[in-house]
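Keep the structure open as you read.

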Amino acid sequence: MADGTSFPQLELELRRGVVVLAALSQLAAPRYGYELRQALADRGMPIEEGTLYPLLRRLESQGVLTSEWRTDAGAPRRYYVLSPAGHALLRQLTETWQTLNDSMERLLATGGRHAR
Amino acid sequence: MRVEEMLQRYVREVADQLPIKMRSDVSLELATLLREDLQTRAETAGRAPDETLATEVLKSFGPPPEVAARYRPRPAIIDPNETRNFILTVIIGAAILVTAGVPSMILEPGKTHDLGTPILWWIGAVVVYFGLRGWARRRWPRQRDWAPTRKDPDRVSRVGSVALILMIGLGITVFSEPQRAFALLTGGHRLASSLEFDPGFRFGRLPWLLAAWMWQAVLFLVVAVRGRWNPALRRIELVLSMAVCGLLAWFSTDGPVMTQSVPNATAKAFMVMITLFLLIIIGAKIYQQAGQVSDRRLRAALGG
């Protein structure tokens, strides 16, 4: 059984694995960092600022995202959107996630029966 | 401190730790994001942005070095999986350097002995070595694949064992009859009287060491005949090494070794040094063997 000190760390590791997929899933249309963070939080996936914003830059440097500065609403903001490579990556990661999700559901269902 | 100044300092601290070409772009984006986050918090709290809210925003972003590292992750100088080897190498090397300096510390007790400098050089050299290893592994990742080495760690070189036995035999001869051995090696010269053993040492304590060496020679003979080590022989080797170590410690603390004081002090200082060297070797061997499953049990577990 996870004790009080190990659970937050294990949960963090679990969530860390899906941060990239979660971010990519919301970037089919251009969004700036704060807007993306809000969108993720509204859908039940809050991600720390210090994690999300650097992640966007790293994904951009890997060619998964493209970005541009816009001043439409007054203050300049950097907008990120999926590149063609990002769309392909999102498809691949989505398939992997769905396979994993199915496997985990089966595993947890079987484990639950054994536990009883 | 004003709120803008706090945010500005934070952004600068992050930017300072980034590559030059990233600094201006990340600074502007980070400043925009911090401002928006602060404004939202202020609206939620129903008051104007103040230092308390700014501190909350900056805390949630994290310390500047961590944020900078997330923007531009950098590899560790020492690979995390090499940390144990790195620490062991540093400790063993430092212990050897200290031990090598023991004779001069004993013989010249009033003099200042600078051990710090060579140890720092050693640590620096080990950091560079492990840093280069890590770089090479990242550069050529295929080299990380494990492959069995052809060398069997238990197999012994018979030539090496015979050479060792001959060396031990020579040591026993020289130490049991030093005058005669010296004359033989120098074409008939007599050993200086200052290099004579104290009779109490020569006839009372030295025979114990000669006996231990003799048993070591017998052990190496058995190993040479068998062609390989086994756990029992390894244990006997360890016990004999401990015996030699204990005897040298005894000699260096009990009674004179040589008849004259200066050679006696020198001999004892070197005995202390050799004792410490042996302790390092014995400690390393015990550490290496501790907790290891026997070959027989391992073969059984592998289904052999």
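Start with helix α12 of chain B, which gives the lining of the largest pocket its largest share, 7 residues. Helices here are DSSP runs (H or I, at least four residues), and they are numbered from the N terminus. A pocket is found on a 1 Å grid over the protein atoms alone: it is an open set of points where a 1.4 Å probe fits, with protein on both sides within 12 Å along at least five of seven lines, and lining residues have an atom within 4 Å of a point.

This is a predicted model, in which local features need pLDDT of at least 70, side-chain atom pairs count only at pLDDT 80 or more, and totals for chains, interfaces and linings use all residues. Residues are numbered from 1 along each chain as its sequence is written, chains are lettered from A and ligands numbered from 1 in the order in which they are written, and side-chain values use heavy atoms, with hydrogens and water left out.

Back to the largest pocket. In all, 33 residues line it; B:Gly171, B:Phe175, B:Leu209, B:Trp213 and B:Ile274 lie nearest its centre. Two or more lining residues come from each of α8 (158-176), α9 (178-185), α10 (199-226), α11 (231-253) and α12 (261-289) of chain B. The space amounts to about 880 Å³. That volume is the space filled by probe spheres set on the points, with grid points joined across faces, edges and corners. By class, the lining has 28 nonpolar, 3 polar and 2 charged residues. Nonpolar covers Ala, Val, Leu, Ile, Met, Phe, Trp, Tyr, Cys and Pro; charged covers Asp, Glu, Lys and Arg; the others, Gly among them, are polar.

Now the second largest pocket. It holds about 760 Å³. Its lining has 18 residues, with B:Asp154, B:Arg234, B:Gln288, B:Gln289 and B:Gln292 nearest the centre. α11(B) gives the most, 4 residues. The lining divides into 5 nonpolar, 5 polar and 8 charged residues.

Next, a residue in α12 of chain B: B:Asn264. Is B:Asn264 buried or exposed? B:Asn264 has a relative accessible area of 13%, so it counts as buried (under 20%; exposed is over 50%, partly exposed in between; 1.4 Å probe, protein chains only). Its side chain reaches the backbone nitrogen of B:Val257 at 2.6 Å.

Finally, turn to chain A. A:Arg91 sits in helix α5 (residues 84-115). A:Arg91 is exposed, because its relative accessibility is 53%. A:Arg91 and A:Ser25 are 66 residues apart in sequence, yet 9.4 Å apart in space, C-alpha to C-alpha.

Methods
A polar contact is a pair of N or O atoms within 3.5 Å; within protein, one must be able to donate a hydrogen and the other to accept it, and residues adjacent in sequence count only if both atoms are side-chain atoms.
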